[in-house]
Structure formats: structure tokens, C-alpha cells
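Thanks for coming, everyone. Please have a look at the model on the screen, and I will walk you through a few places in it.

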Amino acid sequence: MMILEQIRKDNPLIICITNDVVKNFTANGLLALGASPAMATEKLEMDEFLTHAGALLINIGSIEEHDIENMLAAAKYANHHDVPIVLDPVACGASKFRKDFCLKLLETYDITVIRGNASELQALTGEANMKGTDADTSLSTEDVARAAYNKFNCAIVVTGEIDAICVNGKINLIENGTALLTKVTGGGCLLGAVVASFIYNETKPTLETLTEALTTYTVASEFAERASNGTLPGHFAVNLIDQLYLIQESDVAENRLVKEV
Amino acid sequence: MMILEQIRKDNPLIICITNDVVKNFTANGLLALGASPAMATEKLEMDEFLTHAGALLINIGSIEEHDIENMLAAAKYANHHDVPIVLDPVACGASKFRKDFCLKLLETYDITVIRGNASELQALTGEANMKGTDADTSLSTEDVARAAYNKFNCAIVVTGEIDAICVNGKINLIENGTALLTKVTGGGCLLGAVVASFIYNETKPTLETLTEALTTYTVASEFAERASNGTLPGHFAVNLIDQLYLIQESDVAENRLVKEV
Amino acid sequence: MMILEQIRKDNPLIICITNDVVKNFTANGLLALGASPAMATEKLEMDEFLTHAGALLINIGSIEEHDIENMLAAAKYANHHDVPIVLDPVACGASKFRKDFCLKLLETYDITVIRGNASELQALTGEANMKGTDADTSLSTEDVARAAYNKFNCAIVVTGEIDAICVNGKINLIENGTALLTKVTGGGCLLGAVVASFIYNETKPTLETLTEALTTYTVASEFAERASNGTLPGHFAVNLIDQLYLIQESDVAENRLVKEV
């Protein structure tokens with residue numbers, strides 16, 4: 001059995017500490033996929049939630065100072081219970097506050113996967129240059145993924161026109177997807193949560209596992225674009241939830257555009 | 001005039017202190033139904049808001065430590081102004097933090113209705129066993145409703161494949177609804193807000209009032225499933241808002257599946 | 001080139017400190033329009049964000065005591081960097097807490113535009129009478145806009161059946177729009193964010209600029225109502241995002257109903 005079917009059988013509990021803007025979209029996306037999202041954030045209950053969790057997502061999109069304590073506590077308990085962590089360093093190049101928090105998290109706890117766009121990953125590796133949450137970079141996602149892997153020594157997912165995944169120094173490039181994912185808020189954030197669902201119970205995910213996560217999501221996005229009114233962002237967002245519910249492993253296998261480099 | 005028409009005539013103000021994930025869906029659902037939602041939470045303004053309110057919803061889905069003071073203040077002012085309170089104890093079996101808060105609220109203030117799934121209600125009555133927000137129980141909703149009524153002596157709504165409502169020891173079972181309500185985040189949370197709307201200005205709601213609330217919501221969900229693409233969760237959520245806007249009392253009367261026990 | 005095209009070319013960064021209920025809808029609306037929303041709120045990063053921002057929206061819909069410091073800091077940095085500010089004083093007539101905050105903000109910092117319904121503006125100018133977020137007024141939006149302009153000496157947008165815009169004492173009335181905007185949560189809040197997008201980099205917007213913002217939004221809302229199932233609130237909200245993406249300046253020019261008074 002491949003991972004998508006396993007998710008639908010096990011309904012792993014995915015703790016999502018994510019931004020206020022995309023909580024609803026993220027929870028609906030994970031439910032549609034077959035995971036069991038819990039958007040709990042309070043440090044006083046993180047030990048209990050993470051005892052039963054398959055994975056933890058930390059997305060800093062709407063981080064405030066008082067969230068830091070909760071996020072650090074969640075990471076601590078996740079490490080303690082061997083729960084994999086996905087970090088989504090949203091707009092971490094836009095402020096020292098965001099970048100410092102991400103670097104502290106990465107230094108203090110074992111992060112399993114970092115998922116961001118090229119600008120965000122570049123900000124973490126040293127060269128920041130961004131406006132808000134939008135990417136602005138000339139380097140390829142492949143180069144950015146390799147640099148981030150070399151610095152942080154964890155799995156890296158860099159999204160862009162071509163997505164790059166780096167695990168243990170080996171890279172896959174994914175050519176699936178649609179530009180509409182950047183016209184809907186949370187298109188990248190939901191991917192971070194989908195990655196968390198695919199690596200449940202697995203603190204050392206393989207390149208193939210992450211490739212399955214990305215191709216499942218991006219092939220679903222292509223189907224969403226082709227469904228009724230799917231070229232318009234309002235309907236695209238609705239269709240994407242539908243397609244995450246409908247998609248089968250055979251769809252992914254038939255449509256995936258993966259290049260090993 | 002039945003209650004649904006009265007809601008559409010009076011547009012009662014429903015104060016919803018609810019979780020971050022479902023605020024938009026809840027507000028849109030209540031607006032569609034005909035109520036007037038206000039998602040205010042700050043304790044410094046609760047006295048004023050509750051002076052004009054028809055009902056108060058307290059949903060702990062994304063509770064953090066700093067929310068407790070606001071929720072307790074809201075309950076205090078609601079009791080003071082004779083405003084009915086619906087408590088939705090989301091995932092209260094998943095952490096001591098959640099369960100302790102709910103029990104403190106129930107001990108300190110008069111709660112009009114508790115609305116939850118079987119696991120949540122069981123956690124409150126003593127036998128907790130749950131993973132995140134999902135129910136995991138072998139007892140019938142009817143048994144769970146009766147046990148909760150016996151312990152808390154307030155109206156109880158337990159949702160599941162068959163929903164059970166207990167008022168003054170008498171129970172109605174509702175067989176309407178669709179499993180898609182569990183595939184969309186906030187399917188249960190919105191019901192809690194709909195219950196609050198139906199009991200506006202009524203701190204001692206009858207079994208028939210709560211039965212109207214549940215059948216209106218669950219019949220609307222059946223219509224939403226039958227509307228265009230309604231078997232898919234993205235479109236189902238959109239359709240549910242539409243159907244809460246369209247539904248008439250005659251639709252509910254013709255389609256309700258209520259069993260008195 | 002008119003402003004809509006310019007927005008789509010420049011993708012101005014719009015910092016939205018807005019309420020929890022409408023963050024997703026607001027971000028999706030601005031992305032569809034062509035702006036680049038950032039929902040950052042933390043005071044520690046506001047100086048950096050506002051250095052690159054085209055405009056700042058402050059919407060108090062779900063304000064809590066601890067948000068005040070962040071909002072005041074954002075306004076301070078916006079003034080420092082000559083970034084225009086739109087204030088949306090949601091339900092400011094419903095509590096002393098809200099009204100006092102708005103008046104303090106208006107006294108302390110230069111606000112570029114106030115956008116609200118008639119009740120909200122009347123609450124700010126002295127005559128409060130409202131229930132939650134709903135308007136309840138007998139004065140015309142034109143009279144309310146003039147009174148607010150006279151008191152605060154900034155641009156005023158009062159929405160209602162007929163919208164009134166007052167800049168430097170001159171008033172335009174907009175007859176476009178649909179009542180469905182009041183059946184969807186955030187119909188007014190998103191307009192506030194759209195206004196912020198149209199006045200980017202412009203702390204002294206003209207009456208024509210604000211008229212373009214309002215007619216673009218309200219004509220898009222008319223198109224959304226006419227699109228598939230658009231007379232129902234669930235589909236209307238989805239269609240509105242689509243139409244903000246599709247709308248062209250020629251559509252606005254052909255359909256705008258503007259009366260100079």
C-alpha cells in the first residue's frame with residue numbers, strides 16, 4: 001500500500017500550528033485528503049496532543065510574540081515523542097523577528113522538513129530579499145534546496161514553478177502544479193500540512209515519500225484547475241478541496257512529472 | 001410562527017466565542033440562516049454586547065490559556081442578562097486543560113445546552129478516550145446524552161450518525177444528516193451556533209425547540225449534499241451555506257426523521 | 001493607465017491587520033484583485049513590513065485588549081513611512097472599548113480613510129445606536145459621510161444601499177452593489193482592504209481614486225450575483241473572488257452608477 005491509501009486508512013492526527021489566514025483551508029484540505037487535523041496551539045496541552053500525533057506543522061505566517069512559547073513547546077514535545085516536524089517559515093525574509101525565530105527553532109530542535117519558497121529558504125541560509133510573502137529570486141529552486149540542505153541537514157522542499165525536494169543530498173524536481181496555487185491564500189501553507197500528513201510517524205522520510213506528497217498535491221491542483229470554473233481563484237480553491245478528496249494513487253502515478261537530478 | 005421564521009424576522013444577535021478555524025464558516029452560516037452573528041471576545045466589552053444578545057456560544061476548539069478569562073467573563077455576563085449559553089466542548093477529552101476548563105465553566109455558571117459528539121460528552125461525564133477531535137465510542141448517542149443530562153442537569157445535544165437530544169430527561173433521536181458534515185471542518189461547530197440561534201432569549205428551551213434546530217440544520221445538510229457537486233466536501237461546504245439560506249419550515253416538516261424514545 | 005491596471009502591474013504590498021473572521025476572504029480578495037496582502041500583526045516587525053508597504057488596513061472586528069499595542073505601533077510606523085491607513089471601525093458603536101480605541105487612533109495618528117457603515121460612522125461622530133455589526137440608522141449615508149468628514153477631516157467612505165464617499169468636502173454617491181454583500185461575512189471588510197489597495201502609496205487620495213475603488217468592488221459584486229448560483233450567499237462569496245480576478249476597467253466604466261452631489 002502506498003502512503004495516500006495508508007493515510008486514508010489510519011487518519012493520522014496532524015497537529016497544525018498555522019496562521020490565522022489559512023486554518024480553515026488547511027483543516028478542510030487535510031480532512032479531504034484523509035488525515036485528522038487538530039489546530040491546537042496551547043503549550044499546556046501539547047504533551048498530550050503530541051502523544052497521539054502523527055506529525056506537527058509549525059507555520060509562522062501570522063506569528064506574534066506570544067506564539068513563540070507555544071511553538072517552542074510544541075517542537076520540544078514533538079521531539080520527545082518522536083513526532084516529525086514540518087516548518088513552514090512564511091515570509092521569514094521580511095522581518096528579523098521571523099528569521100530569528102526560525103533559526104532558533106532550527107538550532108534548538110530536530111526539524112524533519114523545511115517547506116518554503118525560494119526567497120524564504122534563501123533568507124534562512126543567509127541571503128534575504130523579499131517583499132511580504134512573495135518570492136523574488138533568480139536562483140533555481142534546485143540550487144536553493146541544495147544550499148538549505150547543506151546548512152540545515154534536514155529534508156528541504158522548495159516550491160516554485162518547478163518544485164525541488166532534497167533528501168540526504170539527493171534532489172527530485174517536480175514539474176506538476178499550476179500558477180493558481182499562488183493566487184489563492186494558503187496554496188503553499190496547505191502543501192506544508194499535506195507534507196506533514198505524508199510523513200506521519202516518520203522522522204526520517206525518504207525522497208520518495210516527499211515526492212509522493214508533492215505530486216499528490218500538485219496533480220490534485222491540476223485536476224482542480226480543469227474542473228468547473230477552476231481557472232478562477234474562488235472556484236479553484238473549492239475544487240482543490242474536492243480533488244484532494246477524490247484523488248487516487250493511480251491518478252498521481254499517471255500524471256506525475258518528476259525529474260531526478 | 002415557528003422558530004426559523006422568527007429568527008428571520010428578529011435577526012437575533014448571537015455572540016460567538018468560537019475557534020479560529022471556523023469563525024468565517026460559522027458567521028456565514030448564521031447570516032444565511034437569518035441570525036446576526038458577532039464574533040466579539042474581549043471581556044471589556046462583553047457586558048455591553050450581552051445586553052443586546054439573544055444567545056452566547058462558547059466553543060473551545062482553539063482555546064489558549066489567555067482565552068479563559070474572556071470566556072468566563074462572557075458566561076458571567078450572559079447569566080447576569082439571562083442570555084442562554086451553548087457550550088461546545090471541542091476535543092475536551094484530548095487534554096486535561098480543556099476538560100478542566102469545561103468542568104469549571106459548568107460548575108460556575110448556568111449553561112443552557114451542551115453540544116458535542118459522544119467522545120466529548122463522555123469525557124465530561126468521566127470516561128475520556130479520544131484522539132484529537134474525532135469520536136471514538138461504542139456507547140449510543142442516546143446513552144451518552146442521558147448520562148450527561150444526569151450529571152449536568154442541562155439540555156444535551158450529542159451528534160453522531162444518529163443525533164440525540166435530551167431535555168428534562170426526555171430524549172429525541174434525529175436520523176437526518178450526512179456523513180459529509182464530518183468531512184468539513186466546523187460541521188459540528190456551526191451546528192452549535194445554529195442551536196444558539198434557535199434558543200435565543202430562551203434559557204429553558206424545550207425539546208421541540210432543540211429538535212427544530214437540529215432538523216433544520218441536518219435537513220439543510222441533506223439538501224446541500226444533493227445540490228450541484230454536493231457529494232464533494234469543497235462544494236458541500238458552499239452548498240450548506242446556500243441551503244441554510246433557502247430552507248423553509250415546510251422543508252423541515254416534510255423531511256424530518258425524529259424518533260421519540 | 002488607471003489604478004486597477006496599475007495594481008495588477010505593481011502588486012502593492014497591503015498590510016492587513018484585520019479580524020479573525022475575514023482574514024482568509026480578505027487575502028483571497030486582494031490576491032484576486034492583483035494586490036499582495038500580508039496579514040502580519042506583530043509590532044516587532046511592523047517597521048520592516050511598512051517600509052515596503054503600499055498601504056495599511058486596520059480593521060477592529062475582533063479586537064482584544066492585547067491587539068491595541070500592535071495596532072498603534074502599525075499606525076505609528078505607517079505614518080513614519082508615509083504609508084496610507086484605512087481604518088474600518090467595525091461595530092464601534094457596540095462598545096465603549098471599541099469606540100475609545102478608534103477615537104484614540106484618530107487623535108494620535110493620521111488616518112487616510114475611514115470606511116464603515118452609517119451606524120459605525122455615527123458612533124464615531126457622537127450618536128451611537130447599534131446592535132452588533134448591523135447598521136440601524138435613519139440618516140442618509142451622504143449626511144453621515146459629511147458629518148464624519150467635518151469631524152475627522154480625512155476621506156470618508158460610508159457604505160449602505162447607496163454608498164457615499166467624501167473627500168475634501170466633495171461627495172460622490174455610488175448606486176452599484178447588491179444586498180448580498182451584507183449576507184456574507186466580510187463583505188464590508190473586504191471593501192476596506194480593496195480601498196487600501198487602490199490608495200497605495202497615496203496619503204492624499206482623490207475622490208476619483210476612492211470612487212474607482214468602490215465602483216470596481218460593487219460592479220464585481222453585481223457580476224458575482226449574476227454568475228452561476230450567485231443569488232445564494234455561499235456561491236456568491238466564491239463568485240466575488242472570481243469576479244475581482246476577472247474584472248476589467250472597461251467593465252467598471254460601463255457599469256458604474258456614480259452621482260456627484
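B:N229 sits in the loop between α9 and α10 of chain B. Helices here are DSSP runs of H or I with at least four residues, strands are runs of E with at least two, and both are numbered from the N terminus. B:N229 has a positive phi of about 60 degrees, and it is not a glycine. Why mention that? Most residues other than glycine have a negative phi. B:N229 counts as partly exposed, because its relative accessibility is 38%. The cut-offs are these: buried is under 20% relative accessible area, exposed is over 50%, and partly exposed is in between, with a 1.4 Å probe and protein chains only.

Chain B has another such residue. B:N201 is not a glycine either, yet its phi is positive, about 65 degrees. B:N201 lies in the loop between α8 (187-198) and α9 (207-226) of chain B. Is B:N201 buried or exposed? B:N201 is exposed, because its relative accessible area is 55%.

Some ground rules before we go on. This is a predicted model, in which local features need pLDDT of at least 70 and side-chain atom pairs count only at pLDDT 80 or more, while totals for chains, interfaces and linings use all residues. Residues are numbered from 1 along each chain as its sequence is written, chains are lettered from A and ligands numbered from 1 in the order in which they are written, and side-chain values use heavy atoms, with hydrogens and water left out.

Next, chain B against chain C. The size of an interface is often given as the accessible area lost when the parts come together. Between chain B and chain C, about 2,400 Å² is buried, and carbon and sulfur atoms give 56% of it. On the chain B side, B:L31, B:D242 and B:Y245 lose the most area to chain C, together 19% of what that side buries. How many residues does the contact take from each chain? It takes 30 from chain B and 29 from chain C. Contact means heavy atoms within 4.5 Å.

The rule finds three salt bridges across the interface of chain B and chain C. A salt bridge needs a side-chain nitrogen of Lys or Arg within 4 Å of a carboxyl oxygen of Asp or Glu. Look at C:R98 and B:E45: their side chains meet in a salt bridge, 2.7 Å from N to O. Four elements of chain B, α2 (23-33), β2 (36-38), α3 (43-51) and α10 (233-246), each supply at least two residues of the side that touches chain C. By class, that side of chain B has 13 nonpolar, nine polar and eight charged residues. Nonpolar covers Ala, Val, Leu, Ile, Met, Phe, Trp, Tyr, Cys and Pro; charged covers Asp, Glu, Lys and Arg; the others, Gly among them, are polar.

Now turn to chain B against chain A. Here the contact takes 29 residues from chain B and 30 residues from chain A. The buried area is about 2,400 Å², with 56% from carbon and sulfur atoms. The rule finds three salt bridges between chain B and chain A. B:R98 and A:E45 meet in a salt bridge through their side chains, at 2.7 Å, N to O. On the side of chain B that touches chain A, α5 (96-108) and α10 each supply at least two residues. Which element gives the largest share? That is α10(B), with four residues. By class, this side of chain B has 11 nonpolar, 10 polar and eight charged residues.

Last stop, chain A. In an unreviewed UniProt entry, the annotation "binding site" covers A:M39 and A:G186. UniProt positions are in the numbering used here, feature names are shortened, and annotations may be inferred rather than shown by experiment. A:M39 is in the loop between β2 (36-38) and α3 (43-51) of chain A. A:M39 counts as buried because its relative accessibility is 8%. Not counting residues up to four places away in sequence, A:M39 touches A:C16, A:T18, A:K23, A:T26, A:A27 and B:V21.

A:G186 is in the loop between β8 (170-174) and α8 (187-198) of chain A. A:G186 is buried, because its relative accessibility is 8%. Leaving aside neighbours within four places in sequence, A:G186 contacts A:V22, A:F25 and A:Y217.

Methods: Buried area is the accessible area (1.4 Å probe) that two parts lose on being put together, summed over both.
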